[in-house]
Amino acid sequence: VRELFISLYLLLFRIIFSICNLFPIERKVSFVVSFKSNSEYVYHAIKQYPNPFTVVFLCTSSCFHQLNDELAQEEVLLFNLKKPFDFFKSIYHLATSRYIVVDNYYGFLAATNFKKEVECIQVWHAAGAFKTFGLKDKSINTRTKGAITRFKKVYSQFHKIVIGSDIMQSIFKEAFGVGSDNFLCTGVPRTDLFFDDLLKEQTIRKIYQKHSGLMHKKIILYAPTFRDYELNNFSLKLDLALMSQELKDDYVVIIKLHPVVKNKKALADYKGFILDFSHYDDINELLLITDILITDYSSIPFEFSLLKRPMIFYPYDLKSYQENRGFWKEYEQLVPGPIAFNTEEIIRLIKENDFDMERIVEFSTQWNKYSDGKSSYNLTNYLYQHSEDPAVGRS
(Lines give C-alpha, C1' and ligand atoms only; values in the text may rest on other atoms or scores of the structure.)
Protein backbone atom coordinates (compact mmCIF):
# COMPACT_ATOMS: atom_id res chain seq x y z
CA VAL A 1 0.00 0.00 0.00
CA ARG A 2 2.84 2.34 0.88
CA GLU A 3 4.59 1.70 -2.42
CA LEU A 4 1.33 2.23 -4.31
CA PHE A 5 0.80 5.59 -2.63
CA ILE A 6 4.37 6.64 -3.44
CA SER A 7 3.93 5.59 -7.07
CA LEU A 8 0.75 7.64 -7.41
CA TYR A 9 2.40 10.64 -5.76
CA LEU A 10 5.39 10.45 -8.11
CA LEU A 11 3.11 10.07 -11.14
CA LEU A 12 1.26 13.25 -10.17
CA PHE A 13 4.56 15.01 -9.54
CA ARG A 14 5.98 13.89 -12.89
CA ILE A 15 2.95 15.18 -14.81
CA ILE A 16 3.03 18.60 -13.15
CA PHE A 17 6.81 18.85 -13.46
CA SER A 18 6.67 17.99 -17.19
CA ILE A 19 4.20 20.81 -17.77
CA CYS A 20 6.27 23.30 -15.75
CA ASN A 21 9.39 22.15 -17.58
CA LEU A 22 8.03 23.88 -20.69
CA PHE A 23 8.84 27.22 -19.07
CA PRO A 24 12.36 28.68 -19.43
CA ILE A 25 15.03 28.40 -16.75
CA GLU A 26 15.27 31.48 -14.57
CA ARG A 27 18.20 32.99 -12.71
CA LYS A 28 17.02 31.40 -9.50
CA VAL A 29 18.08 29.13 -6.64
CA SER A 30 15.46 26.90 -5.04
CA PHE A 31 16.31 25.56 -1.58
CA VAL A 32 14.43 22.40 -0.60
CA VAL A 33 14.68 22.45 3.16
CA SER A 34 14.16 20.08 6.06
CA PHE A 35 16.96 21.53 8.23
CA LYS A 36 17.24 25.27 7.84
CA SER A 37 20.80 26.13 8.95
CA ASN A 38 22.81 25.29 5.83
CA SER A 39 20.30 26.93 3.51
CA GLU A 40 20.16 30.08 5.61
CA TYR A 41 23.93 30.48 5.63
CA VAL A 42 24.16 30.04 1.85
CA TYR A 43 21.20 32.39 1.36
CA HIS A 44 22.89 35.18 3.34
CA ALA A 45 26.09 34.67 1.35
CA ILE A 46 24.14 34.92 -1.91
CA LYS A 47 22.62 38.20 -0.77
CA GLN A 48 26.10 39.69 -0.28
CA TYR A 49 26.75 39.52 -4.02
CA PRO A 50 25.74 42.26 -6.44
CA ASN A 51 22.79 41.30 -8.59
CA PRO A 52 22.01 38.21 -6.45
CA PHE A 53 20.01 35.23 -7.60
CA THR A 54 16.29 35.11 -6.98
CA VAL A 55 15.85 32.74 -4.04
CA VAL A 56 12.87 30.61 -3.00
CA PHE A 57 12.53 28.19 -0.08
CA LEU A 58 10.49 25.03 -0.48
CA CYS A 59 10.05 23.74 3.05
CA THR A 60 8.88 20.65 4.84
CA SER A 61 6.59 21.23 7.79
CA SER A 62 9.55 20.87 10.19
CA CYS A 63 11.01 24.27 9.28
CA PHE A 64 8.35 26.14 7.28
CA HIS A 65 7.14 28.40 10.07
CA GLN A 66 10.66 29.26 11.23
CA LEU A 67 11.85 30.27 7.78
CA ASN A 68 8.60 32.01 6.95
CA ASP A 69 9.07 34.21 10.02
CA GLU A 70 12.79 34.81 9.59
CA LEU A 71 12.80 35.41 5.82
CA ALA A 72 9.52 37.24 5.31
CA GLN A 73 11.07 39.19 2.44
CA GLU A 74 11.54 36.02 0.39
CA GLU A 75 9.14 33.47 -1.05
CA VAL A 76 8.80 30.63 1.44
CA LEU A 77 6.44 27.80 0.48
CA LEU A 78 5.17 24.74 2.30
CA PHE A 79 6.14 21.91 -0.05
CA ASN A 80 3.27 19.63 0.87
CA LEU A 81 0.12 18.26 -0.80
CA LYS A 82 -1.84 19.50 2.20
CA LYS A 83 -1.30 22.98 0.80
CA PRO A 84 -2.02 22.43 -2.93
CA PHE A 85 -1.22 25.94 -4.19
CA ASP A 86 2.19 25.93 -2.49
CA PHE A 87 2.79 22.38 -3.72
CA PHE A 88 2.10 23.23 -7.37
CA LYS A 89 4.10 26.45 -7.16
CA SER A 90 7.01 24.57 -5.59
CA ILE A 91 7.13 22.20 -8.56
CA TYR A 92 7.13 25.21 -10.90
CA HIS A 93 10.17 26.61 -9.06
CA LEU A 94 11.95 23.26 -9.24
CA ALA A 95 11.39 23.11 -13.00
CA THR A 96 12.53 26.69 -13.64
CA SER A 97 15.50 27.15 -11.28
CA ARG A 98 19.13 27.20 -12.37
CA TYR A 99 20.14 25.54 -9.09
CA ILE A 100 18.25 23.19 -6.78
CA VAL A 101 19.86 22.93 -3.32
CA VAL A 102 18.58 20.03 -1.19
CA ASP A 103 19.55 18.97 2.33
CA ASN A 104 18.05 15.50 2.66
CA TYR A 105 16.65 12.53 0.77
CA TYR A 106 13.62 13.72 -1.23
CA GLY A 107 11.64 11.08 -3.10
CA PHE A 108 10.24 13.56 -5.62
CA LEU A 109 13.68 13.70 -7.27
CA ALA A 110 12.91 10.28 -8.73
CA ALA A 111 10.18 11.95 -10.82
CA THR A 112 12.17 14.92 -12.11
CA ASN A 113 13.88 15.32 -15.44
CA PHE A 114 15.99 18.43 -15.06
CA LYS A 115 17.18 20.34 -18.10
CA LYS A 116 20.86 19.97 -18.91
CA GLU A 117 21.81 23.42 -17.58
CA VAL A 118 20.24 22.75 -14.16
CA GLU A 119 22.31 21.50 -11.22
CA CYS A 120 20.96 19.77 -8.14
CA ILE A 121 23.33 20.25 -5.19
CA GLN A 122 23.11 18.15 -2.05
CA VAL A 123 24.07 20.06 1.13
CA TRP A 124 23.60 17.21 3.57
CA HIS A 125 22.25 18.00 7.04
CA ALA A 126 25.22 16.46 8.89
CA ALA A 127 28.93 17.27 8.79
CA GLY A 128 29.82 13.65 9.50
CA ALA A 129 28.24 10.28 10.20
CA PHE A 130 28.60 7.44 12.67
CA LYS A 131 25.56 5.42 11.59
CA THR A 132 25.01 4.10 8.08
CA PHE A 133 22.41 5.54 5.71
CA GLY A 134 21.39 5.45 2.08
CA LEU A 135 22.30 2.28 0.21
CA LYS A 136 24.22 1.05 3.28
CA ASP A 137 21.30 1.40 5.70
CA LYS A 138 20.48 -2.08 7.01
CA SER A 139 16.77 -1.48 6.52
CA ILE A 140 17.29 -1.44 2.75
CA ASN A 141 17.34 -5.26 2.88
CA THR A 142 13.63 -5.23 3.69
CA ARG A 143 12.64 -2.84 0.89
CA THR A 144 11.22 -3.82 -2.51
CA LYS A 145 13.23 -3.76 -5.73
CA GLY A 146 11.08 -0.85 -6.86
CA ALA A 147 11.96 1.13 -3.75
CA ILE A 148 15.68 0.47 -4.18
CA THR A 149 15.46 1.55 -7.83
CA ARG A 150 13.76 4.74 -6.66
CA PHE A 151 16.47 5.41 -4.09
CA LYS A 152 19.17 5.08 -6.75
CA LYS A 153 17.24 7.40 -9.08
CA VAL A 154 17.09 10.04 -6.34
CA TYR A 155 20.81 9.74 -5.60
CA SER A 156 21.65 9.99 -9.28
CA GLN A 157 20.07 13.44 -9.31
CA PHE A 158 22.74 14.80 -6.96
CA HIS A 159 24.94 16.47 -9.57
CA LYS A 160 27.14 17.81 -6.77
CA ILE A 161 27.45 16.94 -3.08
CA VAL A 162 28.94 19.41 -0.61
CA ILE A 163 31.51 17.90 1.77
CA GLY A 164 33.61 19.07 4.69
CA SER A 165 36.10 16.19 4.61
CA ASP A 166 37.56 13.39 2.55
CA ILE A 167 36.11 10.90 5.02
CA MET A 168 32.60 12.15 4.31
CA GLN A 169 33.28 11.90 0.59
CA SER A 170 34.08 8.20 0.99
CA ILE A 171 30.88 7.70 2.99
CA PHE A 172 28.72 9.46 0.41
CA LYS A 173 30.24 7.35 -2.36
CA GLU A 174 29.00 4.22 -0.62
CA ALA A 175 25.72 5.65 0.63
CA PHE A 176 24.66 7.23 -2.66
CA GLY A 177 26.56 5.15 -5.19
CA VAL A 178 28.22 8.19 -6.80
CA GLY A 179 31.65 8.85 -8.27
CA SER A 180 34.50 11.21 -7.37
CA ASP A 181 33.35 13.92 -9.80
CA ASN A 182 30.20 14.55 -7.79
CA PHE A 183 31.80 16.43 -4.91
CA LEU A 184 32.35 20.06 -3.93
CA CYS A 185 35.05 20.49 -1.28
CA THR A 186 33.60 23.79 -0.08
CA GLY A 187 33.02 22.85 3.55
CA VAL A 188 29.70 22.67 5.40
CA PRO A 189 27.98 26.10 5.37
CA ARG A 190 26.54 26.11 8.86
CA THR A 191 29.95 25.47 10.43
CA ASP A 192 30.81 29.07 9.55
CA LEU A 193 29.26 30.01 12.89
CA PHE A 194 32.17 28.45 14.78
CA PHE A 195 34.71 30.69 13.04
CA ASP A 196 32.81 33.98 13.40
CA ASP A 197 33.84 35.48 16.75
CA LEU A 198 31.41 38.38 16.56
CA LEU A 199 28.45 36.18 15.69
CA LYS A 200 29.41 33.71 18.43
CA GLU A 201 29.55 36.51 20.97
CA GLN A 202 26.16 37.87 19.87
CA THR A 203 24.61 34.41 19.96
CA ILE A 204 25.94 33.63 23.44
CA ARG A 205 24.73 36.99 24.72
CA LYS A 206 21.28 36.34 23.27
CA ILE A 207 21.01 32.99 25.05
CA TYR A 208 22.19 34.36 28.38
CA GLN A 209 19.83 37.31 28.19
CA LYS A 210 16.92 34.90 27.90
CA HIS A 211 18.31 32.30 30.34
CA SER A 212 20.37 34.26 32.85
CA GLY A 213 20.60 31.28 35.22
CA LEU A 214 23.01 29.60 32.83
CA MET A 215 25.71 32.22 33.25
CA HIS A 216 27.08 31.08 36.59
CA LYS A 217 27.35 27.32 36.04
CA LYS A 218 29.18 25.00 33.69
CA ILE A 219 26.82 23.55 31.11
CA ILE A 220 26.35 19.90 30.18
CA LEU A 221 24.33 19.34 27.03
CA TYR A 222 22.63 15.95 26.67
CA ALA A 223 21.48 15.46 23.08
CA PRO A 224 20.66 11.82 22.30
CA THR A 225 19.67 10.47 18.91
CA PHE A 226 15.92 10.35 18.24
CA ARG A 227 14.52 6.83 18.32
CA ASP A 228 11.16 6.21 16.67
CA TYR A 229 9.90 3.96 19.45
CA GLU A 230 10.36 6.78 22.00
CA LEU A 231 7.79 9.03 20.36
CA ASN A 232 5.01 8.26 22.86
CA ASN A 233 6.95 6.05 25.26
CA PHE A 234 9.92 8.18 26.22
CA SER A 235 12.14 7.23 29.12
CA LEU A 236 15.27 9.21 29.91
CA LYS A 237 18.11 6.75 30.46
CA LEU A 238 19.88 8.87 33.06
CA ASP A 239 19.70 8.80 36.85
CA LEU A 240 18.77 12.45 37.28
CA ALA A 241 18.59 12.19 41.07
CA LEU A 242 22.19 10.96 41.22
CA MET A 243 23.39 13.56 38.71
CA SER A 244 21.68 16.32 40.69
CA GLN A 245 23.20 15.09 43.94
CA GLU A 246 26.73 14.90 42.52
CA LEU A 247 26.87 17.78 40.03
CA LYS A 248 24.30 20.47 40.82
CA ASP A 249 26.73 22.71 42.72
CA ASP A 250 28.85 23.33 39.63
CA TYR A 251 26.73 22.29 36.63
CA VAL A 252 23.38 22.60 34.93
CA VAL A 253 22.18 20.03 32.40
CA ILE A 254 20.44 21.09 29.21
CA ILE A 255 18.35 18.33 27.64
CA LYS A 256 17.87 18.55 23.87
CA LEU A 257 15.42 15.91 22.66
CA HIS A 258 13.48 15.73 19.41
CA PRO A 259 10.60 18.24 19.77
CA VAL A 260 7.97 15.54 19.13
CA VAL A 261 9.05 13.45 22.13
CA LYS A 262 6.37 13.49 24.83
CA ASN A 263 6.13 12.34 28.47
CA LYS A 264 8.99 14.46 29.80
CA LYS A 265 7.40 15.10 33.20
CA ALA A 266 10.42 13.75 35.08
CA LEU A 267 12.49 16.72 33.94
CA ALA A 268 10.31 19.11 35.92
CA ASP A 269 11.40 17.52 39.20
CA TYR A 270 14.88 19.03 38.90
CA LYS A 271 14.11 22.66 38.21
CA GLY A 272 17.25 24.75 38.14
CA PHE A 273 19.48 21.76 37.41
CA ILE A 274 17.73 20.16 34.42
CA LEU A 275 16.53 22.49 31.66
CA ASP A 276 14.46 21.23 28.73
CA PHE A 277 15.65 22.93 25.54
CA SER A 278 14.00 20.43 23.19
CA HIS A 279 12.20 23.18 21.31
CA TYR A 280 15.25 25.39 20.96
CA ASP A 281 15.63 26.12 17.29
CA ASP A 282 19.36 25.80 16.53
CA ILE A 283 21.48 23.12 18.19
CA ASN A 284 24.71 24.77 17.03
CA GLU A 285 23.87 27.87 19.05
CA LEU A 286 23.55 25.71 22.16
CA LEU A 287 26.95 24.18 21.44
CA LEU A 288 28.54 27.61 21.92
CA ILE A 289 27.60 27.67 25.61
CA THR A 290 28.22 23.95 26.20
CA ASP A 291 31.19 22.87 28.31
CA ILE A 292 30.61 19.10 28.02
CA LEU A 293 28.52 17.30 25.40
CA ILE A 294 26.85 13.95 26.10
CA THR A 295 25.42 12.14 23.08
CA ASP A 296 25.39 8.73 21.38
CA TYR A 297 25.02 8.31 17.60
CA SER A 298 24.16 11.89 16.66
CA SER A 299 26.17 13.94 14.15
CA ILE A 300 26.50 16.81 16.65
CA PRO A 301 30.07 15.85 17.72
CA PHE A 302 31.45 16.65 14.27
CA GLU A 303 30.61 20.31 14.69
CA PHE A 304 31.14 20.46 18.45
CA SER A 305 34.71 19.25 17.90
CA LEU A 306 35.46 22.60 16.23
CA LEU A 307 35.18 24.14 19.71
CA LYS A 308 37.73 21.63 21.09
CA ARG A 309 35.70 20.82 24.18
CA PRO A 310 35.08 17.50 25.97
CA MET A 311 32.39 15.03 24.99
CA ILE A 312 31.08 11.79 26.46
CA PHE A 313 29.41 9.06 24.43
CA TYR A 314 26.52 7.29 26.11
CA PRO A 315 25.29 4.51 23.77
CA TYR A 316 23.08 2.72 26.28
CA ASP A 317 21.55 0.54 23.53
CA LEU A 318 24.71 0.03 21.49
CA LYS A 319 24.24 -3.66 20.69
CA SER A 320 20.66 -3.34 19.40
CA TYR A 321 21.45 -0.12 17.54
CA GLN A 322 24.39 -1.81 15.83
CA GLU A 323 22.17 -4.70 14.78
CA ASN A 324 19.33 -2.51 13.48
CA ARG A 325 21.15 0.50 12.02
CA GLY A 326 24.85 -0.23 11.77
CA PHE A 327 27.94 2.00 11.80
CA TRP A 328 30.57 2.88 9.22
CA LYS A 329 33.25 1.38 11.48
CA GLU A 330 33.36 -0.12 14.94
CA TYR A 331 31.70 2.43 17.20
CA GLU A 332 34.68 2.55 19.56
CA GLN A 333 36.95 3.51 16.65
CA LEU A 334 34.66 6.29 15.46
CA VAL A 335 33.97 8.37 18.56
CA PRO A 336 36.56 10.88 19.89
CA GLY A 337 35.71 10.58 23.55
CA PRO A 338 35.18 8.14 26.41
CA ILE A 339 32.21 5.76 26.25
CA ALA A 340 29.93 5.37 29.28
CA PHE A 341 27.13 2.87 29.80
CA ASN A 342 25.62 4.21 33.00
CA THR A 343 25.17 7.44 34.96
CA GLU A 344 27.89 6.58 37.46
CA GLU A 345 30.48 6.39 34.68
CA ILE A 346 29.32 9.72 33.26
CA ILE A 347 29.67 11.41 36.66
CA ARG A 348 33.14 9.95 37.20
CA LEU A 349 34.35 11.16 33.78
CA ILE A 350 33.09 14.66 34.50
CA LYS A 351 34.50 14.88 38.01
CA GLU A 352 37.89 13.47 37.02
CA ASN A 353 38.00 15.48 33.78
CA ASP A 354 38.96 12.24 32.06
CA PHE A 355 39.15 13.43 28.45
CA ASP A 356 41.74 13.09 25.69
CA MET A 357 41.69 16.54 24.09
CA GLU A 358 44.32 15.63 21.49
CA ARG A 359 41.95 12.98 20.17
CA ILE A 360 39.18 15.57 19.79
CA VAL A 361 41.50 17.93 17.90
CA GLU A 362 42.54 15.11 15.58
CA PHE A 363 38.88 14.15 15.07
CA SER A 364 38.00 17.75 14.13
CA THR A 365 40.94 18.04 11.76
CA GLN A 366 39.86 14.90 9.90
CA TRP A 367 36.12 15.60 9.69
CA ASN A 368 36.22 19.37 9.18
CA LYS A 369 39.10 19.55 6.72
CA TYR A 370 37.34 21.90 4.27
CA SER A 371 35.17 23.77 6.78
CA ASP A 372 37.26 26.86 7.40
CA GLY A 373 34.73 29.59 8.17
CA LYS A 374 34.18 30.46 4.51
CA SER A 375 32.09 27.47 3.47
CA SER A 376 28.97 29.50 2.63
CA TYR A 377 30.95 31.80 0.37
CA ASN A 378 32.87 28.93 -1.18
CA LEU A 379 29.62 27.32 -2.26
CA THR A 380 28.10 30.64 -3.33
CA ASN A 381 31.17 31.37 -5.45
CA TYR A 382 30.63 28.04 -7.15
CA LEU A 383 27.02 28.95 -7.95
CA TYR A 384 28.00 32.25 -9.52
CA GLN A 385 31.05 31.04 -11.38
CA HIS A 386 29.22 28.13 -12.98
CA SER A 387 26.10 30.00 -13.98
CA GLU A 388 25.72 30.37 -17.72
CA ASP A 389 24.51 33.95 -17.33
CA PRO A 390 27.56 36.10 -18.25
CA ALA A 391 26.40 38.82 -15.85
CA VAL A 392 26.42 36.45 -12.90
CA GLY A 393 29.25 36.78 -10.44
CA ARG A 394 30.54 40.16 -11.59
CA SER A 395 31.67 42.41 -8.77
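So, a charge sits over a ring if NZ of Lys or CZ of Arg is within 6 Å of the ring centre and within 35 degrees of the ring normal. What we have here is a predicted model, where local features need pLDDT of at least 70, side-chain atom pairs count only at pLDDT 80 or more, and totals for chains, interfaces and linings use all residues. Residues are numbered from 1 along each chain as its sequence is written, and side-chain values use heavy atoms, with hydrogens and water left out.

Arg 27 lies over the face of Phe 53, 4.9 Å from the ring centre. Then there's Arg 98, whose charged end sits over the ring of Tyr 99, 4.5 Å from its centre.

Now, rings with rings. Rings of Phe, Tyr and Trp (its six-membered ring) pair if their centres lie within 6.5 Å; planes under 30 degrees apart are stacked, over 60 edge-to-face, and the rest tilted. That rule gives 44 aromatic pairs. Take Tyr 106 and Phe 108: their centres are 5.8 Å apart and their planes at 35°, so they're tilted.

Phe 130 is buried at 1%, and Phe 302 is buried at 0%.

Finally, ring pairs link up a cluster whose members include Tyr 9, Phe 13, Tyr 106 and Phe 108.

Technical notes: Buried means under 20% relative accessible area, exposed over 50%, partly exposed in between (1.4 Å probe, protein chains only).
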